[in-house]
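Let us walk through this structure together, one region at a time.

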Amino acid sequence: MTDIGFKASVRLQNVFNTEDVDLAFLTKYPTIKVLRKAASTVVTDGSGNGTRTIPHNFGFSPSYQVFLKGTASWQQSLSGVDASSYSNAYFANPPNASNWFSNMYYIHPYTDDNNFYVQVAGGPASTTINFVYYLFLDLAEEYTGAVSNGENSVGTKFSRATKNVLERKPYQYTYTSEGRSLRFNPTKSGDLSMSLPELFGSLLTDPDPEEAVYGEVTHGLGYPPFYLAYFEKASSPNYLYETNRYSLDDFDNVVEIIDSWCDATRIRFSWWRQALKNPAPLTSTTWDEDTMTIKYLIFDEDLSDT
Amino acid sequence: MANEYDFIIEDDDHMWETFTSQDGAVYIGNKSGTGVNGAFLFKNVNIPQGTVVVSADIRFYIGSQGGGSGSLKYAVYGIDEDNTATFGSDPTGRTKTSAVDNRSTALTPNGTYFGIEVIDQMNEILARGGWVSGNRMGFILLNDSSPNDVYAFNANVGYETNSYLQVLTEARPDFTPSPTTEAAPASPTDGQDYGLKIAPDGVGVLSAPDGDLQFITTRPTLKAQFFGLTSVTASVLKQVAHTLGYQGAFLVYTKGNTYRFRLPRFLNGATDPVGGGVQGDARISTSNLEILQNANGEAYYYIFIDEITT
């Protein structure tokens, strides 16, 4: 079937013979569309609970992304990694573990058909938690109904194949200028590798040793950028996971944390492991030498510009 | 030849707001729980009686706005009078045009404009037998259940930029030339604008930095080739096949109770206030997106054709 629709290539690309994956945009594949980007806070009460409710009134649950804002400093007991603190740092995807922020299992972003929420349950009392959020004009659920927060017939719209552009369902558009396209910088994006040696505990020396390594990208943008980062370990090839995440041992102890954060200078990735030796039964976590490749995309979005 | 006019708010008594009930500014929306209305008056509207305008927009300059969330909702009317008086008192009760538009507008940042189309309202006033070129023309904005603390504000005093009325009285002629054949131009040098750009309302497409534009083709967008809903069984690895042959970027959202949560989601024993404790992770190989979570449910996923490599 002959190609149809609109295609746009980046500079010096021939739009006719460039592969789809290398084009800037084509109506064949929907783009992620930023409808709203803003900074907000959750203020917790004396019990460490609080909720920020942000109406969107779409009638469907939109996809979203959240970055917590705070000061990054090394949290693990392992010393000698980095003694510095980094203010105005941004951390993605709570609830989760972190090597640089206090572990954020108590922070819950979520959406429903009318609101976006960031809720804190059992967190630090009487504390203001800062975050930046993105709401996208793209579904986080199966939905085919009308959009309930009003229609916008102004601007440029590209519908998906077989969809009527006049139906005014923004989530059916490949792109609509109601939203800002989420675009990445291929020059700034890339990958880096980190390695950790073998690690095991010993009752004679240290039953619960730790090891850690970090790497960073000096992005040169002068602002903290929206980014997505994924990692692949040599020990489990062919699988990419998104940062940030952790691993548990058989006793539900956190024994590995892979995380990242960014500020106006860098995106830092870190990898921490612990070998826990449990006295009864005499089992322990041990770690083989391993290498990790981090792959990241940096977007033209300034997290501090809200 | 197309006729194009701009009419600018000039004097304090050509703006009205009902929050403090005085001239010199316009509020529209909901200010801290109180609905607020406004009105604009343009003088010396030099358009002959009986003219049918093809384009008319009030360009509302956002000097400040509320901190609430959601779209501004309002109704816009014309003041149905031949030569409406200046705003020494609240004009929002004056006779209104039958032409009315109900709007829902997502406000752009302070210092930008948003447009309020008033074609029908203006044409109704211009059609009045008593209308004379050079008269004063007014418009009323009434709040229509805007969310709490969602409002826009423009004042005539203390701001360098005013709202204004922009009118086009004739359609532009089509000067599209006949097709010709030309040699391909030389590659653009650095610093020259190229590609397709789309600016939001009120932003100059040629002057705004790329980060303020809604769409540009000088940077690639994330392109979703595979997306949709899949069911997930607790502790069973769900595989969603793709045909990329490499590992594309991905996003996954899972359902917990009536809410949607971004994956990965790890609680490590912490209380989940709303999601029923759903936790999960996702990974991608060269042939499958794989989702694993601790509860039955469903996940909405995006797999992008954009490969994450150098």
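In chain B, strand 9 and strand 12 (residues 137-143) pair in the antiparallel sense over five bridges. Within that pairing, B:Y74 has B:N143 in strand 12 of chain B as its bridge partner. Please keep in mind that what you see is a predicted model.

**A strand with two partners**

Strand 9 of chain B also pairs with strand 10 (residues 96-105) of chain B, again antiparallel, through seven bridges. Is strand 9 (residues 72-79) of chain B buried or exposed? Seven of its eight residues are buried, so strand 9 of chain B is largely enclosed by the rest of the structure.

**Chain B as a whole**

Stepping back, chain B contains one helix and 23 strands. Of its 310 residues, 49% count as buried. Chain B exposes about 13400 Å², and carbon and sulfur atoms supply 46% of that area. Among contacts in chain B with a separation of 6 or more, 74% are between residues 24 or more positions apart.

Now look for a sheet built from both chains. Seven strands form an open sheet in the order 13(A)-22(A)-15(A)-16(A)-21(B)-22(B)-18(B), with antiparallel pairing. Which strands stand at the edges? They are strand 13 (190-196) of chain A and strand 18 (238-241) of chain B; each has a single partner strand, so one side of each is left without a neighbour in the sheet. From one strand to the next, the twist averages 25°. As a general point, strands of a sheet pair through backbone hydrogen bonds, either parallel or antiparallel.

Inside this sheet, strand 15 (residues 225-233) of chain A and strand 16 (residues 240-242) of chain A pair in the antiparallel sense over two bridges. A:Y230 stands opposite A:E242 in strand 16 of chain A.

In soluble globular proteins, nonpolar side chains tend to be buried together. In this model, the largest nonpolar core has 106 residues, and those with the most contacts inside it are A:F226, A:F269, B:V252, B:L289 and B:Y302. Strand 9 (residues 128-139) of chain A gives the largest share of this core, eight residues. Another core, of 30 residues, lies apart from it and includes B:A56, B:V76, B:A152 and B:V167.

Beyond its neighbours within four places in sequence, its contacts include A:I32, A:S63, A:D138 and A:L139 from chain A, and B:F226, B:F227 and B:F250 from chain B.

**A buried residue in a loop**

A:L199 sits in the loop between strand 13 and strand 14 (210-218) of chain A. Its relative accessible area is 9%, and since buried means under 20%, A:L199 is buried. Leaving out residues up to four places away in sequence, A:L199 touches several residues, among them A:R273, A:Q274 and A:W287. A:P209 is also one of its contacts; the C-alpha atoms of A:L199 and A:P209 are separated by 7.4 Å, with the two residues 10 apart along the chain.

**Backbone features to look up**

Most residues other than glycine have a negative phi, and most peptide bonds are trans. The table gathers some exceptions.

| Site | Feature | Value |
|---|---|---|
| A:T243 to A:N244 | cis peptide bond | omega near 10° |
| B:L263 to B:P264 | cis peptide bond | omega near 0° |
| B:S235 | positive phi, not a glycine | about 65° |
| B:N257 | positive phi, not a glycine | about 55° |

Where are these sites? A:N244 lies in the loop between strand 16 and strand 17 (245-248) of chain A. B:P264 is in the loop between strand 20 (259-262) and strand 21 (280-284) of chain B. B:S235 belongs to the loop between strand 17 (224-232) and strand 18 of chain B, and it counts as exposed at 61% relative accessibility. B:N257 is in the loop between strand 19 (248-256) and strand 20 of chain B.

**How confident is the predictor?**

The model scores ipTM 0.90 and pTM 0.67. Chain B averages a pLDDT of 83, and 85% of the residues score at least 70. Among the elements of chain B, strand 18 has the highest mean pLDDT (96) and strand 1 (residues 4-8) the lowest (66). Over residues 172-192 of chain B the pLDDT is below 50, and this stretch has six contacts in the model beyond near neighbours in sequence. Where pLDDT is low, the predicted coordinates should not be read in detail.

Terms used
Residues numbered from 1 in each chain as written. Chains lettered and ligands numbered in written order. Predicted model: local features only at pLDDT ≥ 70, side-chain atom pairs only at ≥ 80, totals over all residues. Heavy atoms only, no water. Helix = DSSP H or I, 4+ residues; strand = E, 2+ residues; numbered from the N terminus. Buried < 20%, exposed > 50% of the residue type's maximum accessible area, 1.4 Å probe, protein only. Contact = heavy atoms within 4.5 Å. Areas by Shrake-Rupley, 256 points an atom, 1.4 Å probe, with all protein chains shown as cover. Pairing = 2+ DSSP bridges. Axes fitted to C-alpha atoms, helices over the stretch in contact; angles between N-to-C directions. Core = buried A, V, L, I, M, F, W, Y, C linked by side-chain atoms within 4.5 Å. pLDDT = per-residue confidence, 0-100.
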